[in-house]
Amino acid sequence: MKILHLDTNHELLKNQLNDLGFTNHEDFTTPKEAIESKIKDYDGIIIRSRFTIDKQFLDAAVNLKFIGRVGAGLENIDEDYAQQKGVYLISAPEGNRNAVGEHTLGMILSLFNKFNKANSEIKQGKWLREDNRGVELDGKTIGIIGYGNMGKAFARKLRGFDVEVLCYDIKEDVGDACARQVSLTEFQERVDVVSLHTPQTPQTLNMINERFINAFQKPFWFMNTARGKNVVTADLVRALKSGKVLGAGLDVLEYENASFESLFTSELPDAFQYLIEAEQVLLTPHVAGWTVESKVKLAQTIVDKIKAKFC
């Protein structure tokens, strides 16, 4: 079987697939249209998020047996059409779930203790102790929306804290010893922190909007290490300004390019300008699952799943 690698990844991925007898070719720069002209020669694709694999691409890939996506989400692939054509889809949420859990916890602790603000002030010669008095995580109720690989990993990181952890998910019976599954009504009545861990689907697109936010009974902190387009940024900013949302840790943004490699280069809206300037907002560039260790684990997960299916 011939595999075309469309994004750079850890070398172990290609090396181990070579050892298993696969033929591996790399093409990290050719435009999508040129890839389409030769994709008929390949049985498999390995991709991160370089471009969208749509119906036209899949129709050209007449011999394609699998797509390996080195990451968790599959929103850049037309899943339904791929499955109709018998293409096996492989993702690797097991590979970066621990990294996402740690990053989410780190963002919460940084916001609660004003690390970013205090660090910036000290570097400007300001020593403001009372202004940087923090709040403690213990005693809070943490709410996780989306209790799959990422949500569960984050819940495990909370076990050392004296907190109650609730989860909400459209699937039934996903709760475990680390989080109690509740209805959306109870979730919105009780939580102090909301952490989003949902994929990007038609159901989750723009789900965090003004109506959703205003249904919460208490002001809350908001964390998003999932997908930026699941949040209406302008609505979140209004809630930050009003105090309905106390602070936000955002690893992903509505304005990201589909490849996740950059923000859109056109003029950015006022809501984004507010996020840049707000002291109670912490931003990172879609790196929650992007650690030295996860690069290895993501690649190994893809290899293991290809081996289990095709060897």
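1. Gly143 is a residue of strand E6, which spans residues 141-145. The model is predicted, and in it Gly143 has a relative accessible area of 0% and is therefore buried. Beyond its neighbours within four places in sequence, Gly143 is in contact with Leu166, Phe187, Val191, Val193, Val194 and Ser195. Its C-alpha atom is 8.6 Å from that of Leu196, a residue 53 places away along the chain.

2. With neighbours within four places in sequence set aside, Ile208 touches Ile145, Leu196, Ile213, Phe222, Asn230, Val231 and Val232. Ile208 and Phe222 are the residues with the most contacts inside the largest nonpolar core, a set of 31 residues. Two or more residues of this core come from each of strand E9 (193-196), helix H9 (210-214), strand E10 (220-224), helix H10 (233-242), strand E11 (245-250) and helix H11 (270-277).

3. Which residues of helix H1 are buried? In this helix, residues 11-19, they are Leu12, Leu13 and Leu17. These residues lie on the same side of H1, because the arc they cover around the axis is only 125 degrees. The packing partners of the buried residues of H1 are strand E1 (2-5), strand E2 (23-26), strand E3 (44-47) and helix H12 (292-310). After H1 comes Gly21, with a positive phi near 100 degrees.

4. The aromatic residues deserve a separate point. The count of aromatic pairs is nine. One of them joins Tyr88 and Phe310 in an edge-to-face arrangement, with 6.1 Å centre to centre and 75 degrees between the planes. This pair links distant parts of the chain, since Tyr88 belongs to strand E5 (residues 88-90) and Phe310 to helix H12, 222 residues apart.

5. Two lysines are placed over the faces of tyrosine rings. Lys309 lies over the face of Tyr88, 4.7 Å from the ring centre; Tyr88 is the tyrosine that pairs with Phe310. Lys55 lies over the face of Tyr81, at 5.4 Å from the centre of that ring.

6. How many disulfides does the model contain? The count is zero. For Cys167, the closest cysteine sulfur is that of Cys178, 10 Å away, which is too far for a bond; a disulfide requires sulfur atoms within 2.5 Å. Cys167 is buried, with 0% relative accessibility, and Cys178 is buried as well, with a relative accessible area of 17%.

7. Most residues other than glycine have a negative phi. Lys114, however, has a positive phi near 55 degrees. Lys114 is found in the loop between helix H5 (93-112) and helix H6 (115-123), and at 29% relative accessibility Lys114 is partly exposed. His286 is not a glycine either, and its phi is positive at about 55 degrees. This histidine lies in the loop between strand E12 (281-283) and H12.

Definitions and conventions. Residues are numbered from 1 along each chain as its sequence is written. This is a predicted model: local features need pLDDT of at least 70, side-chain atom pairs count only at pLDDT 80 or more; totals for chains, interfaces and linings use all residues. Side-chain values use heavy atoms; hydrogens and water are left out. A nonpolar core is a set of buried Ala, Val, Leu, Ile, Met, Phe, Trp, Tyr and Cys residues joined through side-chain atoms within 4.5 Å. Buried means under 20% relative accessible area, exposed over 50%, partly exposed in between (1.4 Å probe, protein chains only). Helices (H or I, at least four residues) and strands (E, at least two) are DSSP runs, numbered from the N terminus. Contact means heavy atoms within 4.5 Å. The arc is that of the directions from the helix axis to the C-beta atoms. Rings of Phe, Tyr and Trp (its six-membered ring) pair if their centres lie within 6.5 Å; planes under 30 degrees apart count as stacked, over 60 as edge-to-face and the rest as tilted. A charge sits over a ring if NZ of Lys or CZ of Arg is within 6 Å of the ring centre and within 35 degrees of the ring normal.
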